[in-house]
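Please find below some comments on the structure under review. They are set out as numbered points.

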Amino acid sequence: MPADFNGTWNLVSSENFEGYMVALGIDFATRKIAKMLKPQKVFKQDGDSFSISTTSTFRSYLVEFRIGEEFEEDNKGLDNRKCKSVVNWDGDKIVCVQTGEKKNRGWTHWIEGDDLYLELRCEDQVSTQVFKRA
Ligand code: YOG
């Protein structure tokens, strides 16, 4: 049985989100707002089908995918760059590779104890966020 990410998760901590946003080319004013946010994630997982909705008072973002199936991602409201994305299992982690203009772009989610982790990667920057069940 793979990990079950289903549920609603609230951000409780964030490490080097600033560095990740700089690597993505997000402007100063937007970064100042973005780093104050406490986004909520709602995971819907049915077998290998996922939807991850990230909402905040400022911007929101929805991604839907099936494990192993490449899809076009528009990152609308984030950095707005298009990329080709694919998500695969790595043990109990889901690992997304986002191929496009930015090198080494992607993210990994996993559950540790009662917490949901998200590692965000872009160029040489890594940000780690922790979420707790709502
Ligand atoms: O999540 O890719 O769960 O898509 C990354 C923001 C901030 C907007 C957040 C809005 C990157 C301004 C999504 C934050 C910075 C800054 C709430 C992370 C870009 C713009 C949407 C992400 C994955 C994995 C699913």
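1. A polar contact is here a pair of N or O atoms within 3.5 Å; within protein, one atom must be able to donate a hydrogen and the other to accept it, and residues adjacent in sequence count only if both atoms are side-chain atoms. By this criterion, the side chains of Glu-73 and Tyr-61 make a polar contact at 2.7 Å.

2. The model is predicted: local features need pLDDT of at least 70, side-chain atom pairs count only at pLDDT 80 or more, and totals for chains, interfaces and linings use all residues. Residues are numbered from 1 along each chain as its sequence is written, and side-chain values use heavy atoms, with hydrogens and water left out.

3. Glu-73 belongs to strand β5, residues 71-73 (strands are DSSP runs of E, at least two residues, numbered from the N terminus). Glu-73 has a relative accessible area of 5% and is therefore buried (under 20%, 1.4 Å probe, protein chains only).

4. Leaving aside residues up to four places away in sequence, Glu-73 touches Tyr-61, Val-63, Arg-81, Lys-82, Cys-83, Ser-85 and Gln-98 (contact: heavy atoms within 4.5 Å). The C-alpha atoms of Glu-73 and Glu-101 are separated by 13 Å, at 28 residues apart along the chain.

5. Around the ligand there are 19 residues, of which Ile-26, Lys-41, Tyr-61, Val-63 and His-109 come nearest (a heavy atom within 4 Å). The protein covers 97% of the 620 Å² of accessible area that the ligand has on its own (Shrake-Rupley method, 1.4 Å probe).

6. An N or O atom in the side chain of Lys-41 is 2.7 Å from an oxygen atom of the ligand. For His-109, a polar side-chain atom lies 2.7 Å from a ligand oxygen atom.

Key. Helices (H or I, at least four residues) and strands (E, at least two) are DSSP runs, numbered from the N terminus. Buried means under 20% relative accessible area, exposed over 50%, partly exposed in between (1.4 Å probe, protein chains only).
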